[in-house]
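These are my notes on side-chain contacts, written up in the order in which I looked them up.

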Amino acid sequence: MKKTSAPAPGLALCLLAGCTGQSSEGVDTRPGATEIDADNALIVATATMTALASAGDIAAVDDLLGRLADRAAGSIDTAASLRPARAPGSPDKLAMNPCRAGGFNGSVSLGQPHLLRLEQRLAPGDYFSLDFSDCRLTAELSLSGGLDLQVDRFVGALNGGDVEYLYTAMFRNLRVDAAPANYVANGDMQMFFGSTSFPLVFAALSGQHLTIESGRSSATLRDYDLASEGVLLRKPDVYGSINTIFDGFLASTEFAGEIRFQTQTPFRTDGQPRAIPSQGQILIVGAGNAVLRLTVTGEAVQLELDANGNGSFEHRDSASWATLTGGV
């Protein structure tokens, strides 16, 4: 994605509503709240921040849509079959295949094909259903598994600088290899991006249920919002600064139960990929109103724990940003 994670909390929360956390039968399926103490505070903090960083990497799949749309624009049929070459060929053939290696198959259904063909615009209702096999989009990003993606809103042109879109994605055992980490994603994610108010750029991720597996661990985000506001120095993707917020719930195999996370001070970076934030604070809330507060302080992140929820932080620790995000 461009640089996902967001503006004021209102943008993500108003545009992208979450669910109730209940099953269709009305039975509450949420796990109980996590007990947080001095022994597991660092584990809880690391599992939470790693999952949030991983979600941002997984959202990078939205860059694929423009390449697929270019391919679909050349099709005569409304429902175009996409079956690019699985091996390198001529420059023309490679231009039609978004994968540097491997390949993909599936279909795209365009509700208004003339908009894409004549104006390079997607339209609400356009739908992509794809299965990837070691599809290498860049030197650092490759995909395997399934992805279903629907266009809910699209303003502007794919090849233009001013664009605003909202996509709904469903991941089906989608493996995302994004150096230096890799993930398998299952669940839903809405992706919003807007660059129609230069120099401000907005992005937001939201969803009801997203499970991310990495190595032996698994984390599930519920009713989550990750949103960002950036200042664009020049187009297309040169940022001056980006402010990021996170909000939602998380369960992980690294700890029992579920925590609530909520940003108090947006995390600010200078816009470089994987940059260490210069500021930011997030609260992680567990059972008994226990609060684990993470605050960026220079090169480190300060961890403060109020285990009994009485408003007094009795335990303190620190860790590097790289440690908390698993090197993501």
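Predicted model: local features only at pLDDT ≥ 70, side-chain atom pairs only at ≥ 80, totals over all residues.

**Glu304 and its partner**

I then looked up its charged partner: the side chain of Glu304 meets that of Arg293 in a salt bridge, with 2.9 Å from N to O. Arg293 lies in strand E12 (residues 291-297) and Glu304 in strand E13 (residues 300-306), so the bridge ties together parts that are eleven residues apart in sequence. Arg293 counts as partly exposed, at 22% relative accessibility.

I also checked what else Arg293 meets. Its charged end sits over the ring of Phe313, 4.1 Å from the centre of that ring. I noted another arginine over a ring: Arg222 lies over the face of Phe249, at 4.1 Å from the ring centre.

**Other salt bridges**

How many salt bridges does a search of the whole structure find? I recorded ten.

I looked up Asp148 next. Its side chain forms a salt bridge with that of Arg172, at 3.1 Å from N to O. This pair links distant parts of the chain, with Asp148 in strand E4 (residues 141-156) and Arg172 in strand E5 (residues 163-178), 24 residues apart. Asp148 is buried, at a relative accessible area of 14%, whereas Arg172 is partly exposed, at 32%.

I followed the shared partners as well: Asp131, Asp148 and Arg172 are joined into one network by salt bridges.

Asp134 is partly exposed, with a relative accessible area of 37%. Arg136 is partly exposed too, with a value of 29%.

**Aromatic pairs**

I found five aromatic pairs in the structure. For Phe267 and Trp321, I noted ring centres 5.8 Å apart and planes at 45°, so this pair is tilted. Phe267 belongs to strand E10 (residues 258-269) and Trp321 to helix H6 (residues 321-324); the pair links distant parts of the chain, 54 residues apart. Are Phe267 and Trp321 buried or exposed? I recorded both Phe267 and Trp321 as buried.

I then looked for rings that group together. Phe154, Tyr165, Tyr167 and Phe193 form one aromatic cluster.

**Nonpolar cores**

Which residues of the largest nonpolar core touch the most other members? I listed Phe171, Leu221, Phe261, Leu292 and Leu294, out of 73 residues in that core. Helix H2 (residues 41-58) supplies the largest share of this core, with nine residues.

I took Leu294 for a contact list. Leaving aside residues up to four places away in sequence, Leu294 touches Ala45, Met49, Gly280, Gln281, Ile282, Ile284, Val301, Gln302, Leu303 and Leu324.

Definitions and conventions
Residues numbered from 1 in each chain as written. Heavy atoms only, no water. Salt bridge = Lys/Arg side-chain N within 4 Å of Asp/Glu carboxyl O. Buried < 20%, exposed > 50% of the residue type's maximum accessible area, 1.4 Å probe, protein only. Helix = DSSP H or I, 4+ residues; strand = E, 2+ residues; numbered from the N terminus. Phe/Tyr/Trp six-rings, centres within 6.5 Å; stacked < 30°, edge-to-face > 60°. Lys NZ or Arg CZ within 6 Å of the ring centre and 35° of its normal. Core = buried A, V, L, I, M, F, W, Y, C linked by side-chain atoms within 4.5 Å. Contact = heavy atoms within 4.5 Å.
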